[in-house]
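Q: I am new to this structure and would like to learn how to read it. Could we take it one feature at a time?

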Amino acid sequence: MSSPRPTTPVPAPRGGFGRGLALLMVFGGLGLGTWLDRAPATGAPGAGGDGPAIRLEERAAAAGLAFDHAISGLHPLVDHIRDRILAVGAGVSVVDVDRDGWLDLYVTNTAFGAPNALFVNRGDGTFVDRAADLGLADLNREGSGLCMGSIWGDYDGDGDEDAFVYRYGRTSLFRHEADGTFTEVTRAAGVERWINSNAACWIDYDRDGWLDLLVTAYFREEHDLWNLTTSNVMHDSAEFSANGGRNVLFRNRGDGTFEDATAAALPDTKRWTMAANAADLDGDGWIDLYLANDYGPEEVWINTELDDGARGFRLGDVGLGHDSKSGMCVAFGNLSNDGRLAIFVSNISSANWLFHGNSLRVNRLREIGQVLDGRGGRAVTDTGWSWGAAFGDLDNDGWQDLWVTNGFVSADPDRDYWYRMSQLSGGTGGLLADAANWPPFDGASQSGFERSRVLHSSAGRGFVEVGEQAGALSTHDGRAVVLVDRENRGVLDAVVANQRGPLEYFRNASPGAADRAWIQFDLVGRAPNTSAIGARVELDFAGGTQVQVVEGSSGFSAQAARRLHFGLGEQGEPVGATVYWPDGSTQRLTGLDIRVRHRIEQTGRAASSQ
Amino acid sequence: MTTNTPWWKQPKWLITVLITLLLVTGQMQFGILRTLWVLPAAVGTAVVTEFALSWLVRGRGGSVQSAYISGTSTVILIKSPELWPYAVCAMIAVASKYALTYRGRHLWNPTNFSISALLLVTSVPILSIQMGNSPWIVALVWAVGLLIVTRAGVLHVTLTYLLAFSGFAVLRAGLTGVPIATELAPLTGAMYQFFAFFMITDPPTTVASRRGRIGVVIVIAAVECGIRLLADHPELRPLLAAPPIFALAIVGPIAKWAELRRAAPRTAGPAPVAGTSGA
């Protein structure tokens, strides 16, 4: 195949030098590669530089947060890869279920007969599980599928928050009654479906004041994973799959019922959606959606007026189409305190096997119609097989930090499923889609025993991983994470739901965090959206402008508190904020005292508490 | 192939066209390049390295085409969010042609060597899912690849490898209980065909005789089978991430070295110099 070349006599010294240089390039190149490939620097407690250290103390047991997540088996056609299919379901959401000002936690389990838990905050540092008392425990029943997570919001406008539980299976909507209990109204409300879902999101997409409901889909809806007639249920491509389930949009009629608006209002895509989050991304006053898809690209669904004058979503061409990876979560936050939302989507990375890498993006839809890559560095992009994430100012220095959970399947540490998966991943779609071709997991691990990453913001110049030094040491397979001021002391703690593991509660003991400035907002929207879901707060302080949204879902299998917490660093003066309410109205607030939780009502009245 | 053969019929140009076609199609259809900067990083580094070393070693300019093939192969086979793996891999690939020689001939397929080495010492990923999983891409690669190897007179190498791989796949399925479709699945991936059509048939690093090539390819497939049977040893992660790459890296140079050593006493004049292959 090669063309013969005439040889030319070469002076020996130059030829020898050339060969020596070539050897240097080979082995020096390998050395250079080894050096460049080294792990990113991690922070150390008390080190000088960009700010105080973060210190965490795991106290779930002491706080009464005893909860162990479990999974069940599947139909024999797919049970051999149960560890993969049911590698999800450990969800945690924050709600003030009794409206006493102390934030509570709802946690989902994923095994038949295993109860979910509603940990009610007693206000004394402990919780009590009241799920059974209130009708929210026994939700993993044969025939209904298994729970994956929950979202909370006032869908009926009566002033308290109701619950929607999504499953690989039947959807469930629970109306919060006046006596504090919950009544299942799924069928009566018209939202009963079999959807194999990993995410749902409350969103008032038509700005009529009533919370609508987006339920995303993973496996196709015709598949009951416990009553299968085919093993052809998996994705047909490792990076470009479009044979997933159909996301569903339920429009709230305002009379306690919903109508299916999917066909009219949603793009006709069948991605394998893992997470969805909502915010006004293009600055036009209407709530948009950001979706993280497994085996495919992230998507932005732009809220738009349809031909018939109604509202709906179209798939935005915003620069994401070709970046096809394995998106797991959508977390909104601040990178530079410039008033723009940053978007973090977790992904998979594993040495030599795969580097999809987390996406840290900056929303520039308003300016240029694009979502751009941010600059997070390897500490941000490479956090293992990553799942949930949450932005929050853990040390109140005025810059949001980022908590990322990770770990896929932690079983036998001496056996690795990566090779088996790699055999199929490079093959054509038909092979991948048939579960019968997947080798059994058989107790092997895959990207297991990974430690969550706690990324401390270096004053907006980047992130440093500080988790190990801070005390986030466990190597459970983390899924959902929420950052919540559990003790109402102006400091964010962390709660992590682990797959097939214990619920973890990390009390934040970061030096100085309680002393630095902060401010919190409890927004109360005008009825019926008293949860104020979709409201955006832009807070101006000495360090710039921070933006946060009252979210209808958060991260992965999670929902953050409706209460918004802003760390303000060394701020000494009162601050100002602008609230952009979901109905399009705006409210400007000035002279807001710091180190205070402010209750802001859309009627214009404000009240504060410490 | 005589010097009067039109350039567009010469195998090296066919390789260049095919590899470019793979790259362009992959980028347009699947966005396989995270950033276009990987092209100057890899191809640019390869060209600079090639020219520098060729001038130093041979006293004349290098083969741009050869460097282009090395650089482009790197871009197709590696998927990293950073630029340095592309530049480093391309540099090592080209440099290996001049550094790792025996009797004036380089022993390793350049990209094969560099990727194997980088996998051993870094976490650079090579999982072969860059080109999507469409059977149409597979069919395209098959069609054009078969054309190339037929014109190049090495179809027997590719077919032998495919048959040997399939036979060993059946053996592995019998030994491990893994479905036969799973064991055969890698063959249906576009990246695996890149290996079967280009890397394993690279003339400067294959043995000369037809029988010898067939024998070596069967041994490569056997070694690959051996690596795959060690799937339950996660400490062998780099090898398990790219079994055919390492099998070729192990067997190919040994076979080439043995052939050159056996042929050495019959060589009348100076041995041909290194640096004419790419992928």
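A: Gladly. Let us begin with a term: a nonpolar core is a set of buried Ala, Val, Leu, Ile, Met, Phe, Trp, Tyr and Cys residues joined through C-beta atoms within 7 Å. Please keep in mind that this is a predicted model.

Q: How many residues does the largest nonpolar core have, and which have the most contacts inside it?

A: The general idea comes first. In soluble globular proteins, nonpolar side chains tend to be buried together. Here the largest nonpolar core has 262 residues, and A:Cys329, A:Val482 and B:Ala95 have the most contacts inside it. Helix H4 of chain B (residues 84-99) gives the largest share of this core, 12 residues.

Q: Which residues does A:Val482 touch?

A: Leaving aside residues up to four places away in sequence, A:Val482 touches A:Val92, A:Val94, A:Ala390, A:Val495, A:Ala558 and A:Ala560.

Q: What pattern does chain B follow along the sequence?

A: Chain B has 12 helices and two strands. Read along the sequence, the pattern is α-α-α-α-β-β-α-α-α-α-α-α-α-α. Of the 279 residues of chain B, 56% count as buried. Contacts can be read by sequence separation too: among those in chain B between residues at least 6 apart in sequence, 74% join residues at least 24 apart.

Q: Is H5(B) mostly covered or mostly uncovered?

A: H5(B) is mostly covered, with 10 of its 12 residues buried. Among the buried residues of H5(B) are B:Pro110, B:Phe113, B:Ile115 and B:Leu118.

Q: How do I read the packing of two helices, and at what angle do H3(B) and H5(B) cross?

A: Two packed helices are described by the angle between their axes and the distance between the axes. The axes of helix H3 (residues 64-77) of chain B and H5(B) come within 9 Å and cross at roughly 40 degrees. That makes H3(B) oblique to H5(B). H3(B) passes H5(B) in a right-handed crossing. On the H3(B) side, B:Ser70, B:Ser73, B:Thr74 and B:Leu77 make the contact, and on the H5(B) side B:Pro110, B:Thr111 and B:Ile115 do.

Q: Why are H7(B) and H10(B) described as roughly parallel?

A: Helix H7 (residues 155-176) and helix H10 (residues 210-228) of chain B pack at an angle of about 30 degrees, with their axes 9 Å apart. Angles under 35 degrees count as roughly parallel, and H7(B) and H10(B) are therefore roughly parallel to each other. Their crossing is right-handed. Residues making the contact include B:Tyr161, B:Phe165 and B:Phe168 of H7(B) and B:Ile214, B:Val217 and B:Ala221 of H10(B).

Q: How many residues of chain A are in contact with chain B?

A: In general, the size of an interface is often given as the accessible area lost when the parts come together. Here we can count residues: 57 residues of chain A are in contact with 67 residues of chain B. Helix H1 of chain A (12-36) is one of the elements that give two or more residues to the side of chain A that touches chain B. H1(A) also gives the largest share of that side, 16 residues.

Q: What should I look for in the backbone angles?

A: Most residues other than glycine have a negative phi, and most peptide bonds are trans. A:Ser447 has a positive phi, near 50 degrees, and lies in the loop between strand S30 (444-445) and strand S31 (453-457) of chain A. A:Ala459 also has a positive phi, of about 50 degrees, although it is not a glycine, and is in the loop between S31 and S32 of chain A.

Q: Are A:Ser447 and A:Ala459 buried or partly exposed?

A: A residue is buried if 20 or more other C-beta atoms lie within 10 Å of its own. A:Ser447 is buried, with 23 other C-beta atoms within 10 Å, whereas A:Ala459, with 16 C-beta neighbours inside 10 Å, counts as partly exposed.

Q: Which peptide bond is cis?

A: The peptide bond from A:Ala527 to A:Pro528 is cis, with omega near 10 degrees. A:Pro528 is found in the loop between strand S36 (517-524) and strand S37 (536-541) of chain A.

How values were computed
Residues are numbered from 1 along each chain as its sequence is written. Chains are lettered from A and ligands numbered from 1 in the order in which they are written. This is a predicted model: local features need pLDDT of at least 70, side-chain atom pairs count only at pLDDT 80 or more; totals for chains, interfaces and linings use all residues. Helices (H or I, at least four residues) and strands (E, at least two) are DSSP runs, numbered from the N terminus. Two residues are in contact if their C-beta atoms, placed from the backbone, lie within 7 Å. Axes are lines fitted to C-alpha atoms, for helices over the stretch in contact, and angles run from 0 to 180 degrees between N-to-C directions. Angles under 35 degrees count as roughly parallel, over 145 as roughly antiparallel, 65 to 115 as roughly perpendicular and the rest as oblique. A crossing is left-handed if the near helix is turned anticlockwise from the far one by less than a right angle, and right-handed if clockwise.
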